[in-house]
Amino acid sequence: MVIINILLLITGLLWVSYLALPSRFYDGVILLTRMSAGLKLKEAKVDGHSMPYLEGGKGPPLVLLHGFGANKDHWLKVAPQLAKHFHLYLPDLAGFGDASRHASSSYGVASQVKRLQIFLEQIGETRVDVGGNSMGGYLAIMLAHKIPAQVNSLWLLAPAGIANAEPSDMFPSRSPFELSKAENPLVIETSEDFDALAGYCFHKTPMMPKKFRDVLLERAIRDSEFNHKIFTELNSDRITIEDTIAELSMPALVVWGDRDRVLHYSGMDTLKTKLVNGTFVLMPDIGHLPMIEASSASAIEYLSFRQRKNEWSDWSI
């Protein structure tokens, strides 16, 4: 009876905390999720910016880059399986998540790629495997183009930057490179924007407690003006993937969901004609964020890819 009363008390306290302090409760859940994946929060100082990152796991170093408006925690669902085989580094890119934001700094492609180079120096890794989703996939390609000798392989999940892909539901008539500030559906300024973006990103939107949704909405609105700045600067000096990727010879795994409403999966056809050492996977009934919507399948695809490319027969996938 005493144990039951204690459990009821703990449950009640947690419920009160969820209702009264949802932001702290959400952060606590994220902390526990990181810990369960064996990830520790660390910080790098890069180009006048604080870049927090998660680190954990054993094996070859694998750096994973999040998409626009996202953060390092977008990899948490896929991290536990990967951490068994890789030493993971999951950074908040400058201007996103808990990283620094400076009004006087540039967040264009060249600046972000340079910061990633410095980040690799900060963590002491000279050769890495790099993965990225959407904008993160685009930056992974640009990093590999800049320092090909330091990038062993690429994992590209619906990468941005392909100019000749078919229009998507999110961008039916305008290229995302040509959007005005008022037209940009990637920047959240209202509750309706939040729900619309979730609908675009997922084929089956994950369930989320209302209070957690409110926390994420508040943070997205807080960051909206700066996200407009970053989006503008990223596109001011953009280079399309078609202009660079044919020069890359390292193994690359390209994964795309066939229900991606943000970036049409026809972009994969371009990569098939350009990547000399590419492997391509089209995931059925999956949207723009495979590492969240199909985390286990995404991890298995990547582990299988690495096993084939490296002939590591002792892996247990």
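The expected span of a helix is taken as 1.5 Å times one less than its number of residues. Helices (H or I, at least four residues) and strands (E, at least two) are DSSP runs numbered from the N terminus. The structure shown is a predicted model, in which local features need pLDDT of at least 70, side-chain atom pairs count only at pLDDT 80 or more, and totals for chains, interfaces and linings use all residues. Residues are numbered from 1 along each chain as its sequence is written, and side-chain values use heavy atoms, with hydrogens and water left out.

**View 1. Overview of the chain and its confidence.** The chain contains 10 helices and eight strands. Its average pLDDT (the predictor's confidence in each residue, from 0 to 100) is 89, and 87% of the residues score at least 70. Over residues 5–16 the pLDDT falls below 50, and this stretch has two contacts (heavy atoms within 4.5 Å) in the model beyond near neighbours in sequence. Of the contacts in the chain with a separation of 6 or more, 74% join residues 24 or more positions apart. Of the 317 residues, 52% are buried; buried means under 20% relative accessible area, exposed over 50% and partly exposed in between (1.4 Å probe, protein chains only).

View 2. Helix 2 comprises the 15 residues 22–36. Just after helix 2, glycine 38 takes a positive phi of about 75°.

**View 3. Proline 209 and tyrosine 26.** Proline 209 is found in the loop between helix 6 (191–201) and helix 7 (210–236). With a relative accessible area of 38%, proline 209 is partly exposed. Its C-alpha atom is separated by 9.9 Å from that of tyrosine 26, 183 residues apart along the chain.

**View 4. The largest nonpolar core around leucine 88.** A nonpolar core is a set of buried Ala, Val, Leu, Ile, Met, Phe, Trp, Tyr and Cys residues joined through side-chain atoms within 4.5 Å. Of the 95 residues in the largest such core, Phe68, Leu82, Leu88, Phe119, Leu139, Leu154 and Trp155 touch the most other members. Not counting residues up to four places away in sequence, leucine 88 touches Leu39, Leu54, Glu55, Gly56, Leu62, Ala79, Leu82 and Ala83.
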